[in-house]
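Visitor: Please show me the structure, and then I will ask about a few parts of it.

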Amino acid sequence: MTELLQHTPLHGLHQELGAKLVPFAGYDMPVQYPDGIIKEHKHTRSAAGLFDVSHMGQITLHCPLAGLAKLLPTDLAALAPMQTSYSLLLNEAGGVIDDLMVTRLNEAGDQWFLVVNASRKLIDHAHLRAHLPQATTNSLHNDRALLALQGPQAVAVMEALLPEAVNLRFMHAGSFFSEFGQLFVTRSGYTGEDGSEISAGAAQATALAKRLLADARVKPIGLGARDTLRLEAGLCLYGHELDETVSPAEARLNWVIGKNRRAGADFPGAQRILAEMNGKPGGCGVGLMPEGRAIAREQTPIFDGAGQSIGVVCSGGFSPSLERPVAMGFVPPEYSAVGSKVFLELRGQKIAAAVAKLPFVPHNYAR
């Protein structure tokens, strides 16, 4: 049976721009444009790239801070109004239901905006409905688009479009009126570069995207370069480094657990997560630098020097910035030190690899 794919509000524009479209999380999405993944990747690192991420879930919540805090390990009380944080929706076993961005919208701490993964948004929305019965609003906004403008020249591009948004600090948000309607902008992104994510009404999305692309510094970027950019930046991707069995400690995300939340141990899976944070988790997420030019893809087995299976690659590919293969995977703690030597099985051969410091390419966020 042919999969019936959904379209984002920018689908027609992708076709107009000559994108190669592929199924992704139930949507017909651009994997690349005529320039190709490597050129798109390098343009984002040197100028500004525009990504359609409208397939992601945008959720508005009206609920007490204490209610949402029971589901997330972030110190939500420490967030200022219009401040954004990366966070995790956890299950009772300490596994990750989803990773997300949460913005506190008001001083009272009872209005929130969440951006969640496309493949998990219906699961997340149902989980929030089940666990936040006190929420007066719990809306999944299918009537809005989401665009990500990323790269060292992204702020200059935004200044020409929306000058007041340039003053946003990293991981802060603002709501701005524009010729494209009300725009909700966060100074954030998923590439390791400075930039913004722009939530706009679906009806205005194409006009907004065309305005941004009219700037010579901006090119459209597909899912292929989005993945190589986030891999170089050492950022987790749900379904690869994260799933409902992986804990924050295993995924190198201890920093997400607020200090006050650790003391209170009042979040889902706290017993397991805190024990792993204070000791050693069963597996450790690490960066890997394979020798040679062979690329270690997802599910590539990892071995020690004695030939014993010790882990698996979660994400791997070619790094256009470093011009070499890189990967991320899980290994036991005793193999997780930077410089440790392991072996990857590629097409029946064992290829040596070294555990590497993450990120592979330094972050360029505005601080």
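**Strands, a hairpin and a glutamate**

Visitor: Which strand does β10 pair with over six bridges?
Guide: This is a predicted model, in which local features need pLDDT of at least 70, side-chain atom pairs count only at pLDDT 80 or more, and totals for chains, interfaces and linings use all residues. Residues are numbered from 1 along each chain as its sequence is written, and side-chain values use heavy atoms, without hydrogens and water. A hairpin of two residues links β10 to its partner, β11, and Ser-178 faces Gly-181 there. The antiparallel partner of β10 (residues 173-178) is β11 (residues 181-186).

Visitor: In what order do the six strands close into a barrel?
Guide: Strands are DSSP runs of E, at least two residues, and helices are runs of H or I, at least four, numbered from the N terminus. Two strands pair if DSSP finds at least two bridges between them. The barrel's pairing is antiparallel, and the order is β14-β17-β16-β15-β18-β19.

Visitor: What is the bridge partner of Ile-302 in β18?
Guide: Two bridges join β15 (residues 301-303) to β18 (residues 341-346), and the two run antiparallel. Ile-302 is paired with Leu-344.

Visitor: Is Glu-241 buried or exposed?
Guide: Glu-241 sits in the loop between α7 and α8. Buried means under 20% relative accessible area, exposed over 50%, and partly exposed in between (1.4 Å probe, protein chains only). Because its relative accessibility is 4%, Glu-241 counts as buried.
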